[in-house]
Amino acid sequence: MRVMWKSMDKMRCFRKRSIFPFLGFLIAFLLFFNLYMDDGYVLEAEKRQLGETLIHPPNSERYVHTFRDLSNFSGTINVTYRYLAGLPLPRKKYLTIGLSSVKRKKGNYLLETIKSIFDQSSYEELKEIVVVVHLADFDLVWCENLVQEITRKFAHHIIAGRLLVIQAPEEYYPSLDGLKRNYNDPEDRVRFRSKQNVDYAFLLNFCTNLSDFYMMLEDDVRCSRNFLTALKKVITSREGSYWVMLEFSKLGYIGKLYHSRDLPRLAHFLLMFYQEMPCDWLLIHFRGLLAQKDVIRFKPSLFQHMGYYSSYKGAENKLKDDDFEEDSIDIPDNPPASLYTNINVFENYDATKAYSSIVDEYFWGKPPCTGDFFIIIFNKPTKITRIKILTGTEDRQNDILHHGALEVGQKSVDTKQGRQCTSYITLGEFKVGNIEVNSVDHKIGFDIECVRIVITASQKEWLIIRSVSLWTAQPAAQL
């Protein structure tokens, strides 16, 4: 029987009877205990609001909905979520971190993942994030036991509004029987990945209005230290440029960053095509439909897969991200810019590849001559603190820049060869194909508009510019 809702443009989370009666008492006790603690994270009014929700369990009406009822494409999806722990605070945060978890046949890494998120964040960073865990398994006993563990280990974060545990009831799910057998996948595999798409859709839908940005993680992930600070640096550096999804890991649905305003569309998209293909494939199509053609991935990776057993049948999954670094706050900014060179380019290894953060992409040109250049022109004058340029690769160690200089310029003008700066200062010479200059902003007295590599002597070898990494000065409030 279809239930008609009066409000179609706002998601409503009606209260339902808790399936964990004794859990309410436990959380209520923890709440009132913490009310007497000096907690710098939470306002007293917010504590009272949390207390009311935790003390008064939701009612237990069970509604029957068809899948079509969920698809109001003008806004969020109408789902009556179960609040298993915590409640959103009225203040909008900077970043929501979403996790979806189901029962595994072997191993469970969710608690370690949550712990890593909190442990690797500073006091100031914790005030800007909220973690939402969607327990998407239909085994309510398993959910109850896991919520008890989460509540016991992370009570302080729940009270502070930094951790929410939710569930979308089973009756909101579409049929998981008779699904399309695309790619010759076995029936149980199709069922698993199709349900996973819906799990993620309901999680995204819930998180729409919680923060400015949204980060998707899997439930078996380890975080780098101060990952939020690194994220904020990257987001700031991308101001003025268009993006749909930024990637901070090369594995699965780990470390994918979105604007929260795009979450309703992404949730609907996953629901529309839930049985067509795995979620990480759908993400590629979603990004392309919103006109982000290329992957924008940053190195080093901020998140590492740590699970050994997959959530699908407990199969072994030893995948690791070899770009992950435990301390990766030093991620370069590479502000938006245009790149030009008069060096003959080989095939599609164009200049932009050296400025990209994509793995295994680089600029590759034919032997350069004296006076040839490779130039980066920023969209606006920028205060640069550090420059690091690497040439050659492990496979082609002789394709380095043997003789070259690094320059920075100002006063850009349009010429027949493209935009150029009219005034340059030399920062240094390349040594064994590489150069790194620190404290650039202290060495020069202007904001930089151009960074230029100049070939100072012809060479017979081809030239690979593997990476151009730039760091910008940012106000302390943004770090």
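Predicted model: local features only at pLDDT ≥ 70, side-chain atom pairs only at ≥ 80, totals over all residues.

Reader: OK, and how many bridges link S10 and S12?

Author: There are 5 bridges between S10 and strand S12 (residues 373-382), in the antiparallel sense. Strands are DSSP runs of E with at least two residues, helices are runs of H or I with at least four, and both are numbered from the N terminus. Two strands pair if DSSP finds at least two bridges between them.

Reader: Which sheet is that in, and what's the strand order?

Author: An open one of 5 strands, ordered S10-S12-S17-S14-S15, with antiparallel pairing. At its edges are strand S10 (337-341) and strand S15 (418-429), each pairing on one side only. Ignoring direction, neighbouring strands here are turned by 25 degrees against each other on average.

Reader: What about the sheet with 7 strands, what order is that?

Author: That open sheet runs S1-S4-S3-S2-S5-S8-S7, and its pairing is mixed. Strand S1 (82-85) and strand S7 (245-247) are the edges; each has a single partner strand, so one side of each has no neighbour in the sheet. The twist averages 30 degrees from one strand to the next.

Reader: Switching to S13: how many of its residues are buried?

Author: In strand S13 (residues 384-391), 6 of the 8 residues are buried, so the strand is largely enclosed by the rest of the structure. Buried means under 20% relative accessible area, exposed is over 50%, and partly exposed is in between (1.4 Å probe, protein chains only).

Reader: And which strands does S13 bridge to?

Author: Strand S18 (residues 463-472) pairs with S13 in the antiparallel sense over 7 bridges, and Thr391 has Ile465 in S18 as its bridge partner. Strand S16 (residues 434-438) is joined to S13 by 5 bridges, also antiparallel. There, Arg386 stands opposite Asn438 in S16.

Reader: Helices now. At what angle do H7 and H9 pack?

Author: Helix H7 (residues 187-206) and helix H9 (residues 263-272) pack at about 160 degrees, with axes 8 Å apart. Axes are lines fitted to C-alpha atoms, for helices over the stretch in contact, and angles run from 0 to 180 degrees between N-to-C directions.

Reader: What caps H5?

Author: Asp139 caps the N-terminal end of H5, with a side-chain oxygen 3.1 Å from the backbone nitrogen of Val141. Buried residues in H5 include Trp142, Leu146 and Ile150.

Reader: Last one: where's Pro300, and is it buried or exposed?

Author: Pro300 is in the loop between helix H10 (279-289) and strand S9 (303-305). Its relative accessibility is 13%, so Pro300 counts as buried. Pro300 and Phe248 are 52 residues apart in sequence and 7.7 Å apart in space, C-alpha to C-alpha.

Definitions and conventions:
Residues numbered from 1 in each chain as written. Heavy atoms only, no water. Polar contact = N/O pair within 3.5 Å; in protein donor to acceptor, adjacent residues only side chain to side chain.
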